[in-house]
Amino acid sequence: MERTQQTPQSAALTIERLLQFATQNGLIEQLDVYTSRNALLDLFRLSEPFQGEVPAEQLSSPVGLLEELLDAAWEAGLLEENTTTYRDLLDARIMGLMMPRPSEVVRQFWTLAKTQNVEAATAYFYKQSIDSNYIRMDRIAKNAYWLAETAYGDLEITINLSKPEKDPKEIALLKTLPQSSYPLCLLCVDNLGYAGRVNHPARQNLRVIPLELDSEKWYLQYSPYVYYNEHSIIFHEKHIPMKTTANTFYRLLDFIEQFPHYFIGSNADLPIVGGSILNHDHFQGGRHKFPMEKAPSEKSFSHADFEGVKAAIVKWPMSVLRLSGHNKQQLYKLASKLLEDWRAYSDAEAEVLAFSEKDGQRIPHNTITPIARNNARGEYELDLVLRNNRTSAEHPDGIFHPHQHLHHIKKENIGLIEVMGLAVLPGRLQEELADIAKLLTGEAELSREALSDTGHPLHKHADWIAALLAKHGASLTVDAANAVLQTEVGSKFMDVLLDAGVFKRDDAGQAAFGRFLAAVGFAQQ
């Protein structure tokens, strides 16, 4: 792409408009404007600021102004390539020049928490993360979202379209870049202010809030690609691997005591059933009521050694035991005991084995995905989702993982967010579902021979398409076809969760769930 002639006054005016946005939204104060303006002029190699009158305006987002400046940067030769990755690196640098220092953000956060409440503090911090373009709301808005009615309530379905794809040139470049171990991962606090590189995002506009959990230092930040309202990441100060232990439950309960309006949860700590980042201990939280939280209790239990704690099996596709009570210590101790008991538990009839042997090593298979919140009764509440990561010849990706016939919709790990009933589906589905809708309306036709070609984008859906056409025909309206596909994808996601459930939802599976609870000291009420 050829660079056009730079227009300094146009870029200078955009800088003034961006400074106006920053002051209006509290990113900087009036005295800071001089420093920020001069830093931006230096960045864009401009000798002086805009001299005319800046139009008065109230913008809800800086994105449009940033796009203008990034275009100017390309014209001025400040971008190596005019690709999304290089633009994003400069984008964060620009916004980082118009933000308070991390320590100032922390002071303001805790001042609001003390003088008003912690909800006001998180509202301030969340808005700042959006206004600074750290949270990319313009891209998040591209995600498809709908509710799917199922036997377990309305599941939330999203198709993730917010993360931009790499340019082919960048993909080729990545193979030639030297390996870097700084920062060690995307969750390390060293990312604060980091300039980034082609294979690591810039973080000059990142801010974090330090807090203590179980007398250890942790940090709270928001996810740049939020999947739900106030999607938070709470990460350990040190780069240490995730491990679900008794301390995990104490930390979760400690967090909801400090942030009573948020839930918090942890991915499991084993491969297949764990999250995508297992090398840095972290939790996810936020202000959202997931379908699992809305799910009712089915059977109530009690434990003789923990009289102050209520327990119940949740009506949910996966195997969930809900503990609740006012006594934090009792709840923590029972959850810890349950984790220890589950790690050692086997039931061959239910295909649950706690350990296997490989090359003389004992491989653990049982763990828990825990979620904590304050419930409507003012109690602490823990949802403990039982997980097992065994594989078999029939199910090499995992016995309690989406089985192969569902991989055309969801193949990836079922982590914390999916466990709670929010599907995060791959972006490829957007176009694939649109093409399938054309088959259901009769706008397009596709032969079985074409679908049998492994290179065809709909090949993976061939059996599903045949079933859909047999059930619904090929003369639906566009709206009806889209509604059918949303319902059917929701049904597929329900089946994904059912596959991931350790104790199945049939009589045999629920009897096995009951055997486990009885074995660890619970009695049905």
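In this predicted model, helix α4 provides the largest share of the lining of the largest pocket, six residues. The volume of the largest pocket is about 1,400 Å³. Its lining comprises 50 residues, of which Lys 163, Leu 186, Pro 224, Tyr 225 and Tyr 227 are the closest to the pocket centre. Two or more lining residues come from each of α4 (84-96), β7 (282-286), α12 (416-419) and β15 (422-425). Sorted by class, the lining of the largest pocket holds 19 nonpolar, 18 polar and 13 charged residues.

The second largest pocket has a volume of about 430 Å³. It is lined by 19 residues, and those closest to its centre are Leu 27, Asp 32, Met 99, Pro 100 and Glu 104. Helices α2 (32-43) and α5 (102-115) each contribute at least two residues to the lining of this second pocket. The lining of the second largest pocket is made up of nine nonpolar, five polar and five charged residues.

A search for disulfides across the whole structure returned zero. A disulfide is a covalent bond between the sulfur atoms of two cysteines. For Cys 185, the closest cysteine sulfur is that of Cys 188, at 3.8 Å, which is too far for a bond, because a disulfide requires sulfur atoms within 2.5 Å. Seen from Cys 188, the closest cysteine sulfur is in turn that of Cys 185. Cys 185 has a relative accessibility of 8% and therefore counts as buried. Cys 188, at 7% relative accessibility, likewise counts as buried, the cut-off being under 20%.

Definitions and conventions. Residues numbered from 1 in each chain as written. Predicted model: local features only at pLDDT ≥ 70, side-chain atom pairs only at ≥ 80, totals over all residues. Heavy atoms only, no water. 1 Å grid on protein atoms, 1.4 Å probe; cavity = no way out; pocket = protein on both sides within 12 Å on 5 of 7 lines; lining within 4 Å. Points joined across faces, edges and corners; volume = space filled by probe spheres on them. Helix = DSSP H or I, 4+ residues; strand = E, 2+ residues; numbered from the N terminus. Nonpolar A, V, L, I, M, F, W, Y, C, P; charged D, E, K, R; others polar. Buried < 20%, exposed > 50% of the residue type's maximum accessible area, 1.4 Å probe, protein only.
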